[in-house]
Amino acid sequence: MPGSMMQPDLGQIGALQGARAAAMARWQSNGWPDHRAEAWRFTRLSAIDKMELRPAGDAGPMAVSRPTSLPANAVVLTFHNGIMDTAGLDALPAGVTASTLDGNEASLDDLAGLVPVGHPVSNLSLAAMTGGLCLDIVGDIAAPIILLFGGDDNAISTHPVVLVKLASGASAVVGEWHQAAVGLSAPLVAIDLAAGATLDYAKVQFDSRSTTHVAATGLRLGTGARFDGFQLSVGGKLARLETHVTLTGEDADCTLSAIYLGRNSQHHDITSNMAHNKGHCHSSQIIRGVLDDSARGVFQGKVYVAPDAQKTDGNQMSRALLLSRKAEANTKPELEIYADDVLCAHGATVGELDETQLFYLTSRGIRPETARAMLIDAFLQDAIDGIGNADLAAMLRPVVDQWMTAGGNR
Amino acid sequence: MAPLLEIKDLHASVGDKPILKGINLTINHGEIHAIMGPNGSGKSTMSYVLAGREGYEVTGGDIVMNGESLLEMEADERARAGMFLAFQYPVELPGVGGMGFLRAAVNARRLEAGEAEIDQLEFVKMVRAKAAGLGINDDMLKRAVNVGFSGGEKKRYEILQMALLEPALSVLDETDSGLDVDALKIVSDGVNMLRDAQRSMLVITHYQRLLNHIVPDFVHILADGKIRRSGGKELALEVEESGYAGIDDAA
């Protein structure tokens, strides 16, 4: 497809250098994946090219309202229409060094080496970067750092690019909260955990129902590093949250769980690629989806175990709950194992609420809508229980509750 | 006083298959009725039809409780109107906390009656008091509903719910199944404690032994979807001796 017809329209972007120039070249030759791309079989992006989009300009950031469930002690860094409010950087605690990615070739090279290879957002958002932030973290940072993404223009695409680096032995709590009403939200995130570093992480995708959210996140764990991550996808018209993890040192531990909640004609896609390049690592993914009306959910999870990555323990369990006959869930677990001494388990189920359980509850006088909510809540509970950081769990919980009261009552 | 429950020429099907073929039964306030019958006679169907389970379709007749037909009422509405079914096979609800479940049930009834939701502390006290009499400890109360309970524990938990909800009519569906002698005694004592002049019970059982513990005022023999004989508690003993053979012919 000729570059001029691709969306968003990148005509306003001037000459680029280094990693961004390379990304632009890849974007211009590859664009969005078409229907033949296996990785995009269940999630079609053809609607994006029918939009009229341009990357957000340099209009000064406006206030983004702070969600009430953010941890009280959180340090909030705000992006409005994809552009960072640099004023927030002053509040960062000691041990966290913030810098802008714009023109920082070394950091951009780092980032380009961490994000999912071949992913359209790895190309597009690096090329069209509307705001670039690098956080270098040393020591133990107790206060959660929350990146808050707002926006209010359906004619724009946003391309925030974030690089988070934890030094050896560092620990931190980082969250992404997306509540933008823009045409396309395409965040590109890279997280690099050096040996022994620990990161608790949560992402809330709560964008407007008119927004298409396509996110690419790359994650690298060194020896003994621990990542405890959770994603909650509730908003958006179409959302794909794709995360690629590379375990590059022994004894690394990665949790990457997710809940998606879909209603109306929403489409949620959780895609992961867990590469066990070294042995003695542990990875765990618990995925729960609840789909009502004609919503659609997709979970694609690949676990790769390299030839000498012995004693790998990787597990993955995806369950989808359909509340309507028109709802649909697609799951594609994939194991690619080249080592012989490994423990890998995966499973996927799709089902409806159990009629017998509903009858048991209603036979006690509990109203059917309450009974359904109790069973949905129970279904999601073990995924939520897996969140290690209490602040992040408390941040997610009200979003789930709000989804249920907003119309799970049917 | 008008009867608590009147079942009038009740016909019901599961799928296309007629199971209940004209049941007539009147239960007055404070009475305990037992329904006995061989396997496949329609006993469990009757309990589900009374409780309002989906898929159990009433094709004729009526069920009237306190002067009001239950047929247009959903299961939860019937429960709030005073119906309680103790399940033959209580259902496990993984992830649903026991105390939250019990509280939701009690509050549903209180709100229906125009009362305020029960105070949390008062509720915990009340549950503990009633649970103690049934040999249900705190550990069981904290677990998810029926998850990890033995067969006997599940039946005791049913009776605890009955004690908390104080139903006008309790239908006990084969509450004795899967219970050893000791568990049977605990469950029966729990049921007997709930007997009073206002509460009625319909005890459904295959065997007479439960009726030694929960002594009924009336016994009915159900076979092939109809009540074939009715009598006092001595009828249960007669069935125990001669079996159900020949009951069909008596109709």
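The model is predicted.

Start with chain B. Four of its strands make an open sheet. Their order is S2-S1-S4-S5, and they pair in antiparallel fashion. Which strands stand at the edges? They are S2 (17-27) and S5 (68-69) of chain B. Each has a single partner strand, so one side of each lacks a neighbour in the sheet.

Look next at how S5(B) is held in the pairing. Strand S4 of chain B spans residues 56-65. Two bridges join S4 to S5(B), and the two strands run antiparallel. Within this stretch, B:Val64 stands opposite B:Ser69, a residue of S5(B).

Now turn to the nonpolar core. The largest one has 202 residues.

Leaving aside residues up to four places away in sequence, A:Leu193 touches A:Leu166, A:Leu199, A:Arg220, A:Leu221, A:Gly222, A:Ala225 and A:Phe227.

Last comes the contact between the chains. Here 18 residues of chain A meet 21 residues of chain B. On the chain A side, helix H4 (355-362) and helix H5 (368-385) each supply at least two residues. Which element gives the largest share of that side? H5(A) does, with seven residues. By class, the chain A side has seven nonpolar, seven polar and four charged residues.

How values were computed: Residues numbered from 1 in each chain as written. Chains lettered and ligands numbered in written order. Predicted model: local features only at pLDDT ≥ 70, side-chain atom pairs only at ≥ 80, totals over all residues. Pairing = 2+ DSSP bridges. Core = buried A, V, L, I, M, F, W, Y, C linked by C-beta atoms within 7 Å. Buried ≥ 20, exposed ≤ 12 C-beta atoms within 10 Å, placed from the backbone. Contact = placed C-beta atoms within 7 Å. Nonpolar A, V, L, I, M, F, W, Y, C, P; charged D, E, K, R; others polar.
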